[in-house]
Amino acid sequence: MPLFGVSNSQEKLSIARTWTHTLASRSNGYCGEDELDGVDRSSAVALPLPARLKTITSTSNPFVKHCVKLRLSSSYRHSHGSVLVVGTTPIREIYQFRESKKEPTAMLDCLLLLDKAEIPNDLGDLPNRIVRISPMVMKKLSGLQSIESIEAIALMKIPSTFHNLDEKWQDADCHGWFPSQHRILVLDGIQDPGNLGTLLRSALAFRWGGVFLLPGCCDPFNDKALRASRGASFQLPIVSGRWTHLEALTNKFHLKILAGHPERNKISKPVSWLSRELADSFADLPLCLVLGSEGSGLSAKARQVCELVSIPMAGEFESLNVSVAGGIFLYMLQPENQRFV
C-alpha cells in the first residue's frame, strides 16, 4: 500500500532527513510532554515526503502517525529536528519573517492542506511539497476539537536560532547565542505552554534580544506553546540551558539580573517597585529579566542572585498571571530607543 494513499504506486518519493538537532527533551528539563513511550532517541528514521501533490485520507497513514508523534513528544520532535506548525497565519508570519531577514525559507519541508483549501499565494515556491488531507486527518494532526479556521499545517525544521546547551559548551559559545544581549528574557520553570508562548510573543513584540530557558520549562515547540506564540519560537533566538550557562552569559556581557517577584511574598532582601523612573535608570544597562513558574514562583537560586522587582497593585491581589506580569515588565523595560511611548 503506498505511503500516501495514491493510486500510482510507481510515483517517486523524495526523502527528507530532518534531524539536524539531535536533542533529548528530558535532558533539557522540558516538562509536560513525552506521552509516547518507546521512542528511540538514538536515531531518527527518515520518512518519505511527497514528490508531487497527493492526498491522505486515513488517520492510520504512517506519515500521519509520524506527524502526530512530532506534536505529542518533545524528544521525538527534537530527534527529528522537525515540528508541526498549525494554521495559515503562524505559517505565513514565520515565512515572511525569514524572508524579511533574508534567511533561507527552505525550512518548510511539507505543507499539508485541507482537501478543498486554496494554496497560499504568499509562501513562495512550494512545488513537490504539498499534500491534501481530509478533515479527519486535519483534526488528528492539529489535536484541536474544532478545525473550522484551520486549513493548513506545515512540517518545518527547528530553526538554527534554537540552541540546546550541554556539558560540552564553552564560554566562547556565548557570543553566538544572541545577536543582541541588551535585553534577554529568562524563564525559570515555566511549565504552562500557553504562558510560555505568550511570553515569547511579548518578548518579540517589545524587541527583546532573545529568551533563555532554565530547567523545568516546557518545550517552546510544543503545539500549545506554538499556538500561543503565533510563530515567535521561530523568530526569536532561544537558548535552553542551566544556571551555569546563564551565569557565563551574564559575566561575559556584564548583564544586570532582575527578577519579577510579588511584593507581598515577604523575603529577607529588598524588593523595588517597577516604575518609569526605575526603568529609565536601567535604560543604558544590558540586563536579563527572570520570571518564575506559575505555582512556585522564582527558584531559590533566582531569589539569591537577582535584584527583585515588583509590580505595584491596588487591593489585596497576591500576584498576576506570569504572562500578564511578564508583558508589563517586558514593555516597561524594553530597549529605550525602541519604546513606542
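The model is predicted: local features need pLDDT of at least 70 and side-chain atom pairs count only at pLDDT 80 or more, while totals for chains, interfaces and linings use all residues. Residues are numbered from 1 along each chain as its sequence is written, and side-chain values use heavy atoms, with hydrogens and water left out.

**Confidence**
- The average pLDDT (the predictor's confidence in each residue, from 0 to 100) is 80, and 76% of the residues score at least 70.
- Over residues 1-28 pLDDT stays under 50, and the model has 77 contacts (heavy atoms within 4.5 Å) beyond four places in sequence for them.

**Helix 6**
- Arg 207, which follows helix 6, has a positive phi, near 60 degrees.

**Aromatic pairs**
- The whole structure holds 4 aromatic pairs (ring centres of Phe, Tyr and Trp, its six-membered ring, within 6.5 Å; planes under 30 degrees apart are stacked, over 60 edge-to-face, the rest tilted).
- The rings of Phe 162 and Phe 221 are edge-to-face because their planes stand at 85 degrees, with centres 5.4 Å apart.
- Phe 162 is in strand 8 and Phe 221 in the loop between strand 10 and helix 7, so the pair ties together parts 59 residues apart in sequence.
- Phe 162 is buried at 3% relative accessible area, and Phe 221 at 1%.
- Ring pairs link Phe 162, Phe 221 and Phe 234 into a cluster.

Note on methods:
Helix = DSSP H or I, 4+ residues; strand = E, 2+ residues; numbered from the N terminus. Buried < 20%, exposed > 50% of the residue type's maximum accessible area, 1.4 Å probe, protein only.
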